[in-house]
Amino acid sequence: MEVEVSIQDIFGELYHESVISVETWQEWCEKWLEILQTSLPPADAYELGLRLTDDAEIQELNAQYRNKNQPTDVLAFAALEADIPQSEEMLLHVPLYLGDLVISVETAARQAQQQGHSLKTELAWLAAHGLLHLLGWDHPDEDSLTEMLSMQATLLESIGDRTLLDQITPV
């Protein structure tokens with residue numbers, strides 16, 4: 001399975017500080033999509049966008065798309081929610097576009113500090129959470145939330161990050 005991740009690190013450009021390399025993001029997304037393959041429509045290749053930004057930009061997006069005029073940690077814009085027919089031939093030649101994730105590094109930094117773990121861990125947590133939303137996962141009730149948190153734990157463990165596992169793995 002091929003995975004193309006288009007990364008825009010606006011936060012790194014604005015503040016001259018990239019937290020996670022493009023190569024690392026690519027590796028993580030490949031591992032995660034392998035694990036989540038049963039949640040994916042069949043295709044030979046997949047594509048998604050990841051934008052790392054600041055509170056000001058994510059607040060604009062949150063206001064525009066969710067009518068919430070405040071910063072948030074992660075937004076997921078799923079492309080698979082639309083019923084757009086794709087032929088088998090097309091899926092063999094063009095990656096299936098899953099959607100875009102937007103993460104506020106500023107909010108992630110505050111949350112990491114509050115939780116007592118690294119910014120890298122928080123960004124991985126938010127990216128995994130957003131990716132699950134891109135694939136149709138949601139948490140409208142406790143059972144769904146528990147299932148989603150369990151999958152997030154699996155995704156984090158797959159990249160060697162066990163920092164949050166005690167906090168998020170249901171007992």
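Q: If buried means under 20% relative accessible area, exposed over 50% and partly exposed in between (1.4 Å probe, protein chains only), is N67 buried or exposed?
A: The model is a predicted one, in which local features need pLDDT of at least 70 and side-chain atom pairs count only at pLDDT 80 or more, while totals for chains, interfaces and linings use all residues. Residues are numbered from 1 along each chain as its sequence is written, and side-chain values use heavy atoms, with hydrogens and water left out. N67 is found in the loop between α3 and β3, and it has a positive phi of about 55 degrees although it is not a glycine. Because its relative accessibility is 72%, N67 counts as exposed.

Q: How many helices and strands make up the secondary structure of the chain?
A: Helices (H or I, at least four residues) and strands (E, at least two) are DSSP runs, numbered from the N terminus. Read from that end, the elements of the chain follow the order β-α-α-β-α-β-α-β-α-α-α-α. The secondary structure therefore comes to eight helices and four strands.

Q: Among contacts in the chain between residues at least 6 apart in sequence, what percentage joins residues at least 24 apart?
A: Contact here means heavy atoms within 4.5 Å. The chain has 171 residues, of which 43% count as buried. Among its contacts between residues at least 6 apart in sequence, the share that joins residues at least 24 apart is 68%.

Q: How far apart in space are I58 and S104, C-alpha to C-alpha?
A: I58 has its place in helix α3, whereas S104 has its place in strand β4. I58 counts as buried because its relative accessibility is 0%, and S104 is buried too, with a relative accessible area of 0%. Leaving out residues up to four places away in sequence, I58 touches T53, P71, T72, D73, V74, L75, V102, I103 and S104. Although I58 and S104 are 46 residues apart in sequence, their C-alpha atoms lie at a distance of 6.3 Å.

Q: What distance separates the C-alpha atoms of S104 and T53?
A: Not counting residues up to four places away in sequence, S104 touches T53, D54, D55, I58, T72 and D73. S104 and T53 are 51 residues apart along the chain, and yet the separation of their C-alpha atoms is 4.9 Å.

Q: Why are W25 and W28 called an edge-to-face pair?
A: Rings of Phe, Tyr and Trp (its six-membered ring) pair if their centres lie within 6.5 Å, and planes under 30 degrees apart count as stacked, over 60 as edge-to-face and the rest as tilted. The structure holds three aromatic pairs. In the pair of W25 and W28, the ring centres are 5.2 Å apart and the planes stand at 75 degrees, so the pair is edge-to-face.

Q: Which residues form one aromatic cluster?
A: W25 and W28 are three residues apart in helix α2 (residues 22–35), so about one helical turn separates them. Both are buried, and the buried residues of α2 also include T24, Q26, C29 and L33. These buried residues of α2 pack against β1 (2–9), β2 (45–53), β4 (96–104), α6 (119–134) and α7 (142–158). The aromatic cluster is formed by W25, W28 and W32.

Q: How far apart are the end C-alpha atoms of α6?
A: Of the 16 residues of α6, 13 are buried, so this helix is largely enclosed by the rest of the structure. G136, which follows α6, has a positive phi near 100 degrees. The expected span of a helix is 1.5 Å times one less than its number of residues. For the 16 residues of α6 this should come to 22 Å, which agrees with the distance between its end C-alpha atoms, 22 Å.
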